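Let's walk through this protein together, one question at a time. Here it is to look at.

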Amino acid sequence: MNIRESAENYLETILIIQERKGSVRSIDIANELNFSKPSVSVAMKNLRENGYISVDDNGFISLTRSGFEIADRMYERHRIISQYFMLLGVDPDTAVKDACRIEHIISIDSFEAIRKQYERLKDEKGEQQ
């Protein structure tokens with residue numbers, strides 16, 4: 001599956017908002033990403049046409065199965081990479097910004113290696129506390 005980074009970011013944002021608020025509308029996405037409503041509307045149209053989201057008659061956005069799989073993968077990568085960087089001592093703002101860029105291009109093998117190392121370091125730090 002080949003999907004653009006911007007689409008991955010939108011899907012991840014939908015998942016995050018959905019977890020936080022329970023429901024998602026275009027205005028929520030625009031506010032979250034600080035994008036214009038028209039830009040978000042165009043992106044939602046493209047995501048809908050490609051089968052990643054559905055929009056009901058009231059404007060509520062839901063991830064389809066394929067949309068959820070992409071969003072969940074991106075969000076997991078984002079969380080683990082940013083937490084790993086912070087565990088290494090990187091400033092939280094920098095860690096989050098870097099993770100946001102890396103999550104889209106990192107290979108499965110490299111991500112799994114980071115995940116394993118993160119779990120080891122997290123366990124070591126937990127034992128010391």
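This is a predicted model: local features need pLDDT of at least 70, side-chain atom pairs count only at pLDDT 80 or more; totals for chains, interfaces and linings use all residues.

Q: How many helices and strands does the protein have, and in what pattern do they follow along the sequence?
A: Helices here are DSSP runs of H or I with at least four residues, and strands are runs of E with at least two, numbered from the N terminus. By that count there are six helices and two strands. Read along the sequence, they give the pattern α-α-α-β-β-α-α-α.

Q: What share of the residues in the protein is buried?
A: Buried means under 20% relative accessible area, exposed means over 50%, and partly exposed lies in between (1.4 Å probe, protein chains only). The C-alpha atoms fill a box of roughly 55 × 30 × 20 Å along the principal axes. Of the 129 residues in the protein, the buried share is 34%.

Q: What span does helix α1 reach from its first C-alpha to its last?
A: The expected span of a helix is 1.5 Å times one less than its number of residues. Helix α1 covers residues 5–21, which is 17 residues, and the expected value is 24 Å. The model comes close to that, with a reach of 24 Å.

Q: Which elements do the buried residues of α1 pack against?
A: The buried residues of α1 include Ala7, Tyr10, Leu11, Ile14 and Ile17, and Glu8 and Glu12 are also among them. Contact means heavy atoms within 4.5 Å. The partners of these buried residues are α2 (26–33), α3 (37–49), β1 (53–55), β2 (61–63) and α4 (65–87).

Q: How is α1 oriented relative to α3?
A: Axes are lines fitted to C-alpha atoms, for helices over the stretch in contact, and angles run from 0 to 180 degrees between N-to-C directions. The axes of α1 and α3 are 11 Å apart, at an angle of about 95°. Angles under 35 degrees count as roughly parallel, over 145 as roughly antiparallel, 65 to 115 as roughly perpendicular and the rest as oblique. So α1 is, relative to α3, roughly perpendicular.

Q: Which residues of α3 meet α1?
A: The α1 side of the contact is Ala7, Tyr10, Leu11 and Ile14. By class, the contact has eight nonpolar, one polar and no charged residues; Ala, Val, Leu, Ile, Met, Phe, Trp, Tyr, Cys and Pro count as nonpolar, Asp, Glu, Lys and Arg as charged, and the others, Gly among them, as polar. On the α3 side are Ser39, Val40, Ala43, Met44 and Leu47.

Q: Which residues of α3 take part in the contact with α2?
A: The axes of α2 and α3 come within 9 Å and cross at roughly 120°, which means that α2 is oblique to α3. From α2, the contact uses Ser26, Ile27, Ile29 and Ala30. From α3 come Lys37, Val40 and Met44.

Q: Is Ser26 buried or exposed?
A: Ser26 sits in helix α2. Beyond its neighbours within four places in sequence, Ser26 is in contact with Lys37, Val40, Met44 and Ile61. Its relative accessibility is 14%, so Ser26 counts as buried.

Q: How far apart in space are Gln83 and Ala99?
A: Gln83 is found in helix α4 and is partly exposed, with a relative accessible area of 35%. Gln83 and Ala99 are 16 residues apart in sequence. C-alpha to C-alpha, their separation in space is 8.9 Å.

Definitions and conventions
Residues are numbered from 1 along each chain as its sequence is written. Side-chain values use heavy atoms; hydrogens and water are left out.
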